[in-house]
Amino acid sequence: MSQFKRIPHIPTSDKLADIVFSQLKKIRVELPRKLKKKRSDYSFYKTLYFRQFRHLFPDLEERLEKIVSSFPLINDLHPFHRDLIEVLYGTEKLKTSLSRINNTKKSLKSIEREVSRKLGQSETADEAKIVRKEAIGRIGSTIKKLKDPLDELITAKIQLSKVPDFNLYEKTIAFAGAPNAGKSSFVKLISTGNPEIAAYPFTTKELVYGHRKREFDSIQLLDTPGLLDRPLHERNDIEMRSILALKHLADYIVFLFDPTDESPLKMNQQLNLFSEIKEKFSEIPIQSFINKKDILSKDQLQNAEQVVGKLERIATIEKNVDQLEKIILTIIEKIPDKKLYVREEKKLVEEEIEKSKSKDKIEWIFFDEDD
Ligand SMILES: Nc1nc2c(ncn2[C@@H]2O[C@H](COP(=O)(O)OP(=O)(O)OP(=O)(O)O)[C@@H](O)[C@H]2O)c(=O)[nH]1
Ligand SMILES: [Mg+2]
């Protein structure tokens with residue numbers, strides 16, 4: 001399961017206050033019989049309040065700790081997830097929210113010390129009641145101050161839990177192109193992935209993946225949301241998912257051209273898009289295809305060939321799927337997996353570190369010169 005889906009339910013600040021304070025009512029004290037009759041007795045309240053706060057503070061701190069620690073450490077994440085958090089949510093915003101919650105634990109500790117001291121010093125039931133009232137007020141307003149960070153984390157959790165559980169180390173073919181070009185259709189046809197397909201653009205809004213079994217392993221096919229022809233800084237969050245997937249996950253990019261009138265981009269705009277991707281991700285092999293040949297008029301096909309050059313392969317997903325699949329699977333065979341390289345390098349570094357650690361443990365044996 002994705003580490004983001006493991007983030008537990010996060011309460012709003014109002015809900016958190018409700019939970020924490022409602023627990024107090026459940027805490028009772030059993031006093032000796034003679035004191036039971038006199039519930040106004042000072043030691044009854046003192047014992048009760050001590051017990052209540054001894055429960056409340058650790059309980060609240062534990063709840064906050066659970067929220068903070070359930071978020072994965074951003075610096076430990078795969079670069080794809082790190083960039084995705086930046087795009088979908090904002091890394092600094094997330095870190096600030098988490099640290100505000102973390103700091104609250106510290107202020108609770110100091111309130112706890114003060115309450116405990118004041119309760120200890122109280123000399124009458126009324127004094128103890130005042131200390132309790134004040135403490136509840138301070139704890140309540142401390143929780144209230146968590147409204148913004150908790151709301152922020154609730155939003156972040158919703159956004160991040162939508163990130164699919166990619167295999168970050170499996171050889172991956174990513175399909176890219178303008179909206180409606182036929183990317184999802186192709187991924188659906190040749191993998192276990194089940195993206196939505198529709199006869200209108202902007203159908204795919206999240207990254208979708210499927211697997212394709214081979215004799216000894218499997219490869220991952222990645223469907224990306226359609227891209228428009230515009231500069232990076234003008235791209236929306238949905239398009240940025242595609243860009244980040246191409247950057248971090250793709251070992252090979254299949255770019256589909258769609259020369260039909262249904263495409264929201266003209267052929268020359270699609271060519272701009274293709275060139276941008278080719279340039280931006282120059283280290284990733286890319287193969288383009290003209291799709292939907294079955295419904296192209298002679299003119300459309302000629303124009304498409306003129307724009308992209310005759311060298312580009314022509315494809316029709318429905319009819320040529322076997323042929324296309326073969327081409328792609330043969331090409332992928334020859335492509336070294338850059339992500340695996342990264343992993344291997346990391347392994348090598350880790351091994352070196354381990355080795356140097358074990359070197360430290362070597363006990364030096366000194367020989368006398370006579371030996
Ligand atoms: N005639 C024909 N139609 C195709 C072909 N490939 C896809 N289509 C149709 O084109 C439309 C769009 O297909 P999708 O696979 O949803 O396109 P997409 O690129 O994923 O679109 P977005 O998710 O919006 O970016 C659907 O109606 C498909 O049936 C093809 O080879 N020939
Ligand atoms: Mg799609």
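Two residues are in contact if their C-beta atoms, placed from the backbone, lie within 7 Å. This is a predicted model, in which local features need pLDDT of at least 70, side-chain atom pairs count only at pLDDT 80 or more, and totals for chains, interfaces and linings use all residues. Residues are numbered from 1 along each chain as its sequence is written, with chains lettered from A and ligands numbered from 1 in the order in which they are written.

Start by colouring by pLDDT, the predictor's confidence in each residue, from 0 to 100. The protein has a mean of 85, and 84% of its residues reach 70 or more.

Next, select I253. Not counting residues up to four places away in sequence, I253 touches A174, A176, L246, I277, F281, I284 and I286.

Now show helices and strands, taken as DSSP runs (helices H or I, at least four residues; strands E, at least two) and numbered from the N terminus. The protein has 13 helices and six strands.

Select helix α5 (residues 91-121) and helix α6 (residues 125-144). They pack at an angle of about 175° with their axes 10 Å apart; axes are lines fitted to C-alpha atoms over the stretch in contact, and angles run from 0 to 180 degrees between N-to-C directions. The two helices α5 and α6 are therefore roughly antiparallel, a label for angles over 145 degrees. To see the contact, show side chains including L108, I111 and V115 of α5 and V131, A135 and I139 of α6.

Methods: Parallel < 35°, antiparallel > 145°, perpendicular 65-115°, else oblique.
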